[in-house]
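Hi everyone, thanks for coming.

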Amino acid sequence: LRCCTAASVVTDGSGAAAEERNLYIMRVVQIAVMCVLALTVVFGIFFLGCNLLIKSEGMINFLVKDRRPSKEVEAVVVGPY
């Protein structure tokens, strides 16, 4: 690929304008692909984070259920009062 500046564009019918248009189209396609990939990565990280958050909340709830005292212990503690 050649470096194209505004001064180097020649429109004498030799195909330079068509070549510049092809370079422009290639750049637009590259930018579009990069945007799609960037959005895919951002949404992937977001949904992965949400999934981990939901799983961690479930694990915390599981641990909280295990740490609750049984009803028999409450009856003994509440009984004398």
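Let's begin with the record: which residues does the UniProt annotation "transmembrane region" cover? According to that unreviewed entry, the answer is residues 28–54. Please keep in mind that what you see is a predicted model.

What does that span look like here?

Now the whole chain. Its secondary structure amounts to 2 helices and 0 strands. There are 81 residues, and 1% of them count as buried. The chain exposes about 7700 Å², with 70% of that coming from carbon and sulfur atoms.

Next, a spot on the surface. Y24, I25, V28, V29, V33, M34 and L37 make up a nonpolar patch there, and together these residues have about 680 Å² of accessible area. Let's pick out Y24, which sits in helix α1, the helix running over residues 16–67. Is Y24 buried or exposed? It counts as exposed, because its relative accessibility is 58% and the cut-off for exposed is over 50%.

Finally, the cysteines C35 and C50. C35 has 44% relative accessibility, so it counts as partly exposed. C50 is partly exposed too, with a relative accessible area of 29%. And how many disulfides does the structure hold? The count is 0. As a reminder, a disulfide is a covalent bond that joins the sulfur atoms of two cysteines.

Methods. Residues are numbered from 1 along each chain as its sequence is written. This is a predicted model: local features need pLDDT of at least 70, side-chain atom pairs count only at pLDDT 80 or more; totals for chains, interfaces and linings use all residues. Side-chain values use heavy atoms; hydrogens and water are left out. UniProt positions are given in the numbering used here, feature names are shortened, and annotations may be inferred rather than shown by experiment. Patches are made of residues with over 30% relative accessible area and no salt bridge: like charges are joined within 9 Å, nonpolar side chains (Val, Leu, Ile, Met, Phe, Trp, Tyr) within 5 Å. Accessible areas come from the Shrake-Rupley method with a 1.4 Å probe; for residues, only the protein chains shown count as cover. A salt bridge is a side-chain nitrogen of Lys or Arg within 4 Å of a carboxyl oxygen of Asp or Glu. Helices (H or I, at least four residues) and strands (E, at least two) are DSSP runs, numbered from the N terminus. Buried means under 20% relative accessible area, exposed over 50%, partly exposed in between (1.4 Å probe, protein chains only). A disulfide is a pair of cysteine sulfur atoms within 2.5 Å.
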